[in-house]
Amino acid sequence: MQDTADLIMDLTHTYSKDWIELFPDLHYLDCTDIEGTDMYCTEEAEEELQKRIAVYPLRGIHFIDSGNYHYMTALFVRRVEEPYNLLFFDNHNDMKPTLIPELISCGAWAKQVLEEDKNLGKLVLIGPSKETIEEIEIGDQEKLLCVSWEELEMAENAAESEGGLHKLLQDIWEQVDTKRPLYLSIDKDVLFEEHARTNWDQGHMSLPLLKKILEDCCQRSRLLGADICGELPDAPLGQAAEVRRINEQTNTELYRLLKKYI
């Protein structure tokens, strides 16, 4: 098996052929034939998805379609065989109580990883509102570190003498064992609409700020792999071209940045 592989997990035919062909390193996996994947993943669908990614190494950048499939992160990190940390960017906490506990879902996958993965050291969530973070109910609070968009905004606006963003990032990583490798997950719904168009309500982060934080964390820890979701399948009539342009531009910038570290 090769050492790295960059994947497109296409579950809704949302990625354009023209964009895919810009990057010869991307392995295209058409998963639209798998039933039972939207928001909740059935056991049969999970088994098939695991089978399809198993032929590729974990190390790589994975595009995993819309936020409805963010649970793919859990499927990827199950393959980690050493102590590690998980950093994910999201406008939501993805730790909601689930209506179907036996199935993994886009709204509860992070809670499942946090409570069940023995190799996980710290889960760092960046981007939701303070209110969304306060809604989280989990057993092991010691393994969870959250940073709200309000904290990020305050740090960005702070004077250099007050520490600003650099001080905030330093404070975050002082609470994390950076000798452990890192897996990254990015839901583009954490971004302003000028940088992404998604099928969920969106957050308050600019793409330059996201890239700045990514550069910082990737320089501190070895990167195991990364995934990116937040596409917008079935864009509203008359908006498809604009949606595609915005999302493809952001995907391109994130891909090129992360390739420096994977």
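Where is the place of Ser 66? Ser 66 sits in the loop between β4 (61–63) and α3 (72–77). Those labels come from DSSP runs, numbered from the N terminus, where a helix is H or I over at least four residues and a strand is E over at least two.

Before I go on, a word on the source. This is a predicted model, in which local features need pLDDT of at least 70 and side-chain atom pairs count only at pLDDT 80 or more, while totals for chains, interfaces and linings use all residues. Residues are numbered from 1 along each chain as its sequence is written, and side-chain values use heavy atoms, with hydrogens and water left out.

Ser 66 counts as buried because its relative accessibility is 1%; buried means under 20% relative accessible area, exposed over 50%, and partly exposed in between, with a 1.4 Å probe and protein chains only. Leaving aside residues up to four places away in sequence, Ser 66 touches Asn 199, Cys 229, Gly 230, Glu 231 and Pro 233. Contact here means heavy atoms within 4.5 Å.

Next, the cysteines. How many disulfides does a search of the whole structure find? The search finds 0, taking a disulfide as a pair of cysteine sulfur atoms within 2.5 Å. Cys 106 is in no disulfide, and the nearest cysteine sulfur, in Cys 229, is 9.1 Å away. For Cys 218, the closest cysteine sulfur belongs to Cys 217 at 4.3 Å, which is too far for a bond. Cys 218 is also buried, at 7% relative accessibility.

Now the cores. A nonpolar core is a set of buried Ala, Val, Leu, Ile, Met, Phe, Trp, Tyr and Cys residues joined through side-chain atoms within 4.5 Å. The largest has 45 residues, and Phe 89, Leu 184, Met 205 and Leu 258 touch the most other members. Helix α8 (residues 207–218) gives the most to this core, with 7 residues. Not counting residues up to four places away in sequence, the contacts of Leu 258 include Leu 184 and Cys 218. A second, separate core has 42 residues, among them Trp 109.

Last, a helix pair. Helix α6 (residues 149–157) and helix α7 (residues 164–174) pack at about 135°, with axes 6 Å apart. Axes are lines fitted to C-alpha atoms, for helices over the stretch in contact, and angles run from 0 to 180 degrees between N-to-C directions. Glu 151, Leu 152 and Ala 155 of α6 meet Gly 164, Leu 165 and Leu 168 of α7.
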